[in-house]
Amino acid sequence: QDTLEMCSQEKEFRSILFTLCYFHAVVAERRKFGPQGWNRSYPFSTGDLTISVNVLYNYLEASSKVPYDDLRYLVGEIMYGGHITDDWDRRLCRTYLEEFIKPEMMEGELCLAPGFPLPGNMDYNGYHQYIDDALPPESPYLYGLHPNAEIGFLTQRSERLLRTVLELQPRDSSTGPGAVGSQEEMVQALLEEMLEKLTDEFNMAELMAKVEERTPYAVVALQECERMNVLTAEIRRSLAELELGLKGELTMTSDMEALQNSLFLDTVPESWLKRSYPSMASLGSWFADLLARISELEAWTRDFSLPSTLWLGGFFNPQSILTAVMQSTARKNKWPLDKMTLQCDVTKKSREDFASAPREGAYVHGLFMEGARWDTQAGTITDARLKELTSAMPVVFIKAIPDDKQDTRGLYPCPLYKTRQRGPTYVWTFNLKTKESPSKWVLAGVALLLQT
């Protein structure tokens, strides 16, 4: 009550104070939604809120007008923003404050969450009573997120629990009749199957000789083949070594034991991940994905002509192919590369509908959207369907244009990540059309992913 009464501009102070408390609750509790909440976890504390309230008090005492811009900047970029190290998280924090702290709050037209309007002037007990009566039950809507975010967060939590239980199981006990056999027999069978399916490495000397002109696209293809060779060589070496160990022809080392454990628990071994691309998949789906990537590369390197549609998720380094699109256009039109940007048009077609690559730019398939979905008929972002956590995107046409030709109205700058882990797996920003305010999608944590 003392805090509520300390400022001479009572109405403004109380309204903004209540809003700051709600903002603090939202940013602190949003962490539980993992990467869809915040890309990285931040130590927001009550101290941040206390200092923000002091700043508010000093500003209101010093001027008769409410300095909305200054308050938003100090709270969003300094008090809370001081913890934030990721640009997308900074945008999220800024967007919350733009939605919450604005002149409309004094006219009683502001809703902090669906069904939760900002209350008028009350005393301490009145506010408590109001929160008890009016605040809707805990749900992702209170954060601006889609209900699917809750499903994703609960699924990950249960997966973690089950994996821990699995890792605690005794390894060698075959329980009763009809048991699958010992760990070694399972690993041996899996190991033989993998070695059989793994194709030969790319012959780099032959491929180099085949390339007539080292276009940006050809360079990307060769780089990808080299990186794939490093990974498949390591897989082949470690599996062959483990096979000899299981037969008793080599002494088992700690590396071989770790590999054996990974194969048994269906996780990707550490030595493979080091040479691999970011992935959250289990070993079975990771290996199937690896074989699909190899066959895409084989098809591309037959004659080095750009495939009709590119599987962007199939690259070790997706940035390289997007940069190659810009380089090719820049060379053709004699434009400076640093003054260019990528424009992204979502088509209404799927991969099978394209027979050849475009004259300029590239068609890209295999993107997914999390937090919302793409409405193919309307050609805009729209709310996700319940229980559909990631929806597949149609083929996207990517072309390079000069910076100054870009029209940014009605667009949501959407980050593209390699996996659901987000944060360090950032690839590029695609501007997508939206009929609603882009801030809605910022708060919903909408992003494009290359793997689900």
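Me: Where does the largest share of the lining of the largest pocket come from?

Reply: From helix H7, which gives six residues to that lining. This is a predicted model, so please read everything below as computed from that prediction. Helix H7 covers residues 148–168, and helix H13 (283–301) is another element that supplies at least two residues of the pocket lining.

Me: What makes a residue count as part of that lining?

Reply: A lining residue has an atom within 4 Å of a point of the pocket. For the largest pocket, 25 residues line the space. Among them, Glu 159, Met 280, Ala 281, Ser 282 and Arg 420 lie nearest its centre. The space itself comes to about 750 Å³.

Me: How do the residues of the lining of the largest pocket divide?

Reply: Nine are nonpolar, 10 are polar and six are charged. Take two that lie nearest the centre, Glu 159 and Met 280: Glu counts as charged and Met as nonpolar, so each has its class by definition.

Me: What lines the largest cavity?

Reply: There are 19 lining residues, and Trp 88, Asp 89, Arg 422, Val 442 and Gly 445 are the ones nearest the centre. Helix H5 (87–100), strand S11 and helix H15 (438–443) each supply at least two residues, with H5 giving the largest share, four. By class, the lining has 11 nonpolar, four polar and four charged residues.

Me: Strand S11 turned up there. How do you know that S11 is mostly covered?

Reply: Buried means under 20% relative accessible area, so that is the test to apply. In S11, residues 411–417, six of the seven residues are buried.

Me: Why is Pro 358 called buried?

Reply: Pro 358 has a relative accessible area of 17%. The cut-off for buried is under 20%, so 17% falls on the buried side. Pro 358 sits in the loop between strand S4 (340–346) and strand S5 (362–365).

Me: Which residues does Pro 358 touch, leaving out those up to four places away in sequence?

Reply: Pro 358 touches Ser 308, Tyr 363 and Phe 397. Two of those residues also face one another across strands: Tyr 363 stands opposite Phe 397 in strand S10. Ile 398 is 40 residues from Pro 358 along the chain, and their C-alpha atoms are separated by 9.7 Å.

Me: How do S4 and S5 each pair with S10, parallel or antiparallel?

Reply: S4 runs antiparallel to S10, with seven bridges joining them. Cys 344 has Ile 398 in S10 as its bridge partner. S5 and S10 also pair in the antiparallel sense, over three bridges. S10, residues 396–402, is mostly covered, with six of its seven residues buried.

Me: What is the order of the four strands in the open sheet?

Reply: The order is S3-S5-S10-S4, and the pairing is mixed. Strand S3 (310–311) and S4 are called edge strands, as each pairs on one side only.

Me: How many helices and strands does the protein chain have?

Reply: The protein chain comes to 15 helices and 13 strands. Buried residues make up 47% of its 452 residues, and the C-alpha trace spans about 80 × 70 × 35 Å along its principal axes.

How values were computed: Residues are numbered from 1 along each chain as its sequence is written. This is a predicted model: local features need pLDDT of at least 70, side-chain atom pairs count only at pLDDT 80 or more; totals for chains, interfaces and linings use all residues. Side-chain values use heavy atoms; hydrogens and water are left out. Buried means under 20% relative accessible area, exposed over 50%, partly exposed in between (1.4 Å probe, protein chains only). Contact means heavy atoms within 4.5 Å. On a 1 Å grid over the protein atoms alone, a cavity is a set of points where a 1.4 Å probe fits but cannot get out, and a pocket is an open set with protein on both sides within 12 Å along at least five of seven lines; lining residues have an atom within 4 Å of a point. Grid points are joined across faces, edges and corners, and a volume is the space filled by probe spheres set on the points. Two strands pair if DSSP finds at least two bridges between them.
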